[in-house]
Amino acid sequence: MLGVTNSAYGGLYTIGGLLQSGGLGSFSGGAYGVGGAGLGLNESATSSPYALGKQQGSYQVKLSAYGQLRSALDHFNTALDKLKSPQSVAPFKATSSSESVLTASASTDAAKAGTYNVTVNQLASAQTLTSATFADANATIVGSGSLTIQVGSYNANLNSFTPAADNTAKTLTITPVSGTLGGIASAINNAGAGVKADVVQVSGGYQLSLTAANTGTENTVKITAADTSGGPLTGNTGLGQLTFDPTATAGNGKNLTESAAAQNAQLTVDGANVTSQSNAVTSAIQNVTLNLSSTGTSAVTVDVNRDSTAFSASAQQFVDAFNALQSTAATLAQPSI
């Protein structure tokens, strides 16, 4: 592989016919010449102000020339270093044959080319819960006490709820003043409990709509309520109206309506089944992310290969840097400098 160092170029280029044998990094009096004259940092300065000024001006010109050449060489070395890494020259790129169904992107760790057939059978979605209808969003008092919100996984076969390892239950105090739909929605949104609350207008009044912040079955929402003395509220009165324990029964601690269930993305990759909590699927193809947009009845082809456009750009940068270095060296070698 081609390698270029400062010392190699120090012996390659002559400026005004004077060769620098110590490399560009070696810079001492008389060792570097521009326009055929040595820099002469060790020369004795004359006592004449005019001569001293002239000598100083000569030094500045030569230092400027050295700086220009050094800058061009650094730029060239940067372009050359990029060519040493295949991932920098031509990183892997993932493309989709149907971007309306999914898009694909390869990470910098991708190191294997391949073609994959992907069928999207189901998109991941977030759970949505809705309350009964109330006459006014900011005047009707739902109740007071506390609401406890937790996110986790629900196992329908065992009828069990397991809190997420990284989710801590949030308990919200609801006063008679803040006990309206609007006040409760604000309290939930400010709690950072993994649930987003909205008040929506419907026929006959307003409803509280709660949506899990993340998709997938591991983000099922559990909401319990208590009165001001800490006693549990499970019936369809007061804050008990806003409860949703997936292990409970309707009207007894499960009083919100599940308008949309939490579900995982389901797809097949070359015939193998893949399940993902998110529509950004990272487990299907190594070091490739599939961003799912819709389901499809036919397979989408995902191609992972070197990015030829990136390779062309890297090669052009190298050529431009090399030509600039050659041009700078040739210009500085002219006796007029």
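Mentor: Strand E8, residues 128-130, pairs with E18 in the antiparallel sense, over three bridges. Two strands pair if DSSP finds at least two bridges between them. Strands (E, at least two residues) and helices (H or I, at least four) are DSSP runs, numbered from the N terminus. Look at Thr128: its bridge partner in E18 is Ala260.

A word on the ground rules. Residue numbers count from 1 along each chain as its sequence is written, and side-chain values use heavy atoms, without hydrogens or water. The model is predicted: local features need pLDDT of at least 70 and side-chain atom pairs 80 or more, while totals for chains, interfaces and linings use all residues.

Now widen the view. E8 and E18 belong to an open sheet of four strands, in the order E12-E13-E8-E18, with antiparallel pairing. Its edges are strand E12 (195-202) and strand E18 (257-260), each of which pairs on one side only. Neighbouring strands in this sheet are turned by 30° against each other on average, direction ignored. Such angles run from 0 to 180 degrees between N-to-C directions, with axes fitted to C-alpha atoms (for helices, over the stretch in contact).

Helix H4, residues 181-191, lies across E12 and strand E13 (205-212). H4 runs at about 160° to E12. Several of its residues are buried: Leu181, Gly182, Gly183, Ile184, Ala185 and Ile188. Buried means under 20% relative accessible area, exposed over 50%, partly exposed in between (1.4 Å probe, protein chains only). The buried residues of H4 pack against E12 and E13, and also against strand E9 (145-155) and strand E11 (170-174). Contact here means heavy atoms within 4.5 Å. Just after H4 comes Gly192, with a positive phi of about 60°.

E6 and strand E22, residues 288-292, run antiparallel and are joined by five bridges. In that pair, Ser105 stands opposite Thr289 of E22.

One more strand pair is worth a stop. Strand E5, residues 92-96, runs antiparallel to strand E23, residues 300-306, with five bridges between them. Ala94 faces Val304 of E23 across this pair. Ala94 also sits on the covered face of E5, with Phe92 and Ser96. The uncovered face of E5 holds Lys93 and Thr95.

Asp74 lies in helix H2, residues 49-83. Asp74 counts as partly exposed because its relative accessibility is 34%. Follow Asp74 to Ala321: the two are 247 residues apart in sequence, yet 9.3 Å apart in space, C-alpha to C-alpha.

Finally, step back to the whole. The protein has five helices and 23 strands. It has 337 residues, and 37% of them count as buried. Take the contacts between residues at least 6 apart in sequence: 63% of them join residues at least 24 apart.
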